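Colleague: I am new to this structure. Please take me through one part of it, closely and step by step.

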Amino acid sequence: MTAQPTRRMPLPFPIAFRASGALVERNFAAARSYWRTFVSGFFEPVFYLFAMGVGIGALVGDIQVDGRAIPYAVFVAPAMMATSAMNGAIYDSTANVFGKLKNSKLYESVLATPLQPAEVAAGEIAWALLRGLVYSCAFLLVAAVAGFVQSWWALLAIGVCTLIGLAFASLGMAATTFMRTWNDMDYVQLAILPMFLFSATFYPLDAYPPVLQGVVQATPLYHGVALVRALMMGELGWGLLLHVGYLLALSAFGLWATTRRITRLLMT
Amino acid sequence: MALIEAAGLRKAFGDFVAVDGIDLQISAGESFGFLGPNGAGKTSTMRMIGCTSPVGGGTLRVLGMDPTTQAAQIKARLGVVPQQDALDEELTVAQNLAVFGRYFGISRAELYRKSGPLLQFAQLTEKAGAKVDTLSGGMKRRLTIARALINDPSILLLDEPTTGLDPQARHILWDRLFRLKREGVTLVLTIHYMDEAEQLCDRLVVMDHGRIVAHGSPRELIRTYASREVLEVRFDVPDHAQKAADVDGLADRVEVLADRLLLYTHDGDAALDALTDRGVHPQSTLVRRASLEDVFLRLTGRSLVE
Amino acid sequence: MSAPATTREGDVRTRAGSAVGGGWRSVTAYWLTLYRRIWKSTVISSVLAPLLYLAGMGYGLGAIIDAPGRTAVPGVAYVGFVATGLVAAQTMMTSVAETTYNVFGAIKWQRTYHAMLASPLRVVDLVRGHVAYLALRLLMVSTAFALVALALGAMRGPAALLTIPIAVLGGLAFGLPVYAYTAGTASDEGFNMLNRFVIMPLFLFSGTFFPISQLPQVLEWLAWASPLTHAITLTRAVGLGSPAPLPVEGWQAALHLAYLLAWAIGGYVFGVRRLRRRMVV
């Protein structure tokens with residue numbers, strides 16, 4: 001006997017998830033065969049940044065935030081960073097995970113080993129966060145070089161993006177367990193696209209009609225964007241902790257739901 | 001001591017009862033088979049033993065432990081070969097072994113040491129760097145078996161290991177399984193093909209509709225439930241039932257199938273002579289030894305491969 | 001973006017196999033049968049998504065860009081600018097979705113094309129059938145968008161209905177070359193690259209959301225290589241009411257149309273050739 005049998009708890013995250021590391025290793029090994037896709041993921045937010053900066057930025061000019069005029073690119077760059085953290089996490093936890101659930105039956109063979117469903121969920125989410133971390137760092141570098149970053153606090157935005165990733169990856173993975181066909185992936189877009197467009201991403205909250213402001217503030221991306229924007233512009237306040245709390249609560253719910261669903265789905 | 005012990009084991013999916021109260025004792029070093037048609041409850045039973053499906057009722061002990069509370073410990077000592085290979089298509093052959101070993105918490109150094117002999121065992125040494133989707137069906141199945149051996153399991157669970165393989169690949173696989181058996185690995189298999197059950201299993205149970213309908217060694221089962229020989233006769237008629245009267249009294253028992261009649265007797269040639277004496281001339285005839293297929297037909301009234 | 005559609009083998013045989021001499025129409029019928037089963041989810045990507053962009057960018061951003069006495073493009077409300085851009089941009093997106101994973105799946109995963117070619121259908125029927133289906137889909141999405149945009153007043157005047165055929169042609173100018181690419185590609189990994197390095201940049205830099213004249217000179221020239229730039233130039237000429245604030249001369253319009261046609265026809269010719277090389281071996 002080589003493997004040391006150890007008692008493993010089903011929850012809570014992230015304690016007792018040493019075993020999840022094996023799944024991260026697996027994904028890393030697999031990533032070598034699609035590194036082009038991996039690298040290309042970095043360009044999308046950069047294209048958006050450029051389009052916003054030179055294109056729409058020129059149309060908008062300066063934008064009024066709390067009575068202060070700031071260049072549009074400075075306003076929109078944090079939103080692009082938060083959005084790309086969301087998109088990356090969603091892609092990794094929906095399309096990628098769905099492929100493994102349906103097509104390759106990967107999890108069935110993984111669960112025949114000592115790994116438990118919660119550890120599988122944690123492993124996949126950890127992998128999504130690692131990927132996201134790489135993208136966030138690269139994005140921040142590009143934005144800083146382009147002159148869209150105004151404060152060293154921006155470094156903390158990398159951590160915030162990881163939190164955004166955690167919230168969306170855990171929710172995305174839970175949602176994926178309900179999907180039946182690839183076409184259901186379109187319903188993910190139904191949730192993501194409105195958030196991308198209407199989370200105070202492209203214009204400040206007060207540009208929305210008052211009735212809609214509450215709706216905007218309820219979306220998870222709004223809180224992510226608000227955090228990243230405050231950090232990149234160097235405008236700190238205790239209110240930011242509220243955003244952090246919202247994202248943490250959402251993450252906890254997502255992890256709980258994912259673990260439950262995976263257990264239901266695979267351990268029948 | 002029994003490695004696997006079940007008493008009144010049950011499993012239901014909604015209203016459908018997949019496993020309906022079975023009792024089992026599987027000992028160390030044994031090669032044990034579950035025989036039955038699709039939907040008999042074999043795979044459900046295997047999945048409960050493999051701790052990937054919660055026990056639905058009754059008791060189950062695997063390696064002396066309870067699958068409900070000690071799943072991870074049990075799984076650490078099992079090797080599982082599922083019906084579909086479920087290999088990691090994105091990885092190479094060698095990576096499949098290494099990555100799988102990491103799930104068991106085996107160190108990289110040890111995996112490095114182990115993968116050579118395992119690849120050799122699976123006859124895949126030259127394919128170590130190849131992507132999995134370039135392998136043939138037989139190679140994939142051998143890799144799945146090698147992968148299941150990465151943790152030196154006490155029990156190897158194989159769910160229909162040869163289904164879908166060509167005859168040559170099946171024979172190679174049988175050879176590999178015999179070697180494992182010789183090395184003392186306990187094999188638990190579900191089997192669809194009778195010839196295979198006779199070759200591979202020391203002991204087996206026949207399952208039907210979630211129940212065990214017979215158990216024993218292949219030889220015992222044949223002796224108990226079939227005769228020594230079988231005479232198969234075919235006529236050029238649309239329905240063989242109308243010919244049943246022609247063979248009446250020639251054998252201990254007659255089974256009417258869609259395309260032929262089976263006459264169970266201790267002496268097939270004698271029965272054939274008697275048939276000819278009656279002036280009955282079938283389109284074709286065959287005398288053969290009774291097999292597990294006949295046991296199954298007798299027990300369930302259905303042929304196994306439908 | 002739509003993902004690979006799944007199918008049962010049986011559908012293929014009944015649809016394609018019964019049609020001795022049914023030709024490309026039976027292939028179109030097959031794709032429509034498949035579409036009927038998944039249309040609900042495609043409504044999201046091909047109808048709702050452009051409308052959301054119209055709301056978010058056109059109206060939302062427009063409220064910031066358009067100030068009293070100032071618009072992004074002289075005489076044009078930003079929402080009109082975006083609407084006339086999106087009507088063509090969305091057919092590009094739909095077109096690419098319909099010619100990547102779906103076609104690749106029919107070749108490699110579901111092997112629908114193999115089953116079709118086992119019937120009297122020819123390679124050219126497969127391509128034609130798909131093009132006809134694609135044109136129908138583009139007609140649906142561009143009509144839906146144009147009608148909504150007209151109802152909202154984002155596009156103006158009866159001539160705005162002309163944006164529909166222009167958008168369909170623009171979509172084909174993308175879809176057919178992409179079909180040709182898909183017909184010959186060995187793996188689906190390239191689709192990610194295609195989306196990220198071709199489609200997404202073209203969506204952003206072909207004048208959908210801002211005039212390409214704002215781009216650095218070199219990039220502006222590059223933008224003129226994009227069929228979408230030409231399609232949008234035409235939709236803006238007809239879609240903003242009369243007198244047209246961004247008019248196009250007759251000969252210019254002919255050149256724009258010719259450019260789009262060249263891509264579509266070139267894509268078709270290469271598509272047939274590459275699919276034949278792939279399937280007939």
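Modeller: Two strands pair if DSSP finds at least two bridges between them. Strands (E, at least two residues) and helices (H or I, at least four residues) are DSSP runs, numbered from the N terminus. This is a predicted model, in which local features need pLDDT of at least 70 and side-chain atom pairs count only at pLDDT 80 or more, while totals for chains, interfaces and linings use all residues. Residues are numbered from 1 along each chain as its sequence is written, and chains are lettered from A and ligands numbered from 1 in the order in which they are written.

The part to look at is a sheet in chain B. This sheet is open and has four strands, in the order β11-β12-β10-β13. The pairing is antiparallel. Look at the edges: β11 (253-256) and β13 (284-289) of chain B stand there. Each has a single partner strand, so one side of each is left without a neighbour in the sheet. On average, neighbouring strands are turned by 20° against each other, direction ignored. Such angles run from 0 to 180 degrees between N-to-C directions, and axes are lines fitted to C-alpha atoms, for helices over the stretch in contact.

Now take one pair. In chain B, β10 (residues 229-234) and β12 (residues 261-265) run antiparallel, joined over five bridges. Opposite V233(B) stands L261(B), in β12(B).

α9 (residues 268-277) of chain B lies across β10, β12 and β13 of chain B. Its direction is at about 35° to β10(B). Contact between two residues has its own cut-off: their C-beta atoms, placed from the backbone, lie within 7 Å.
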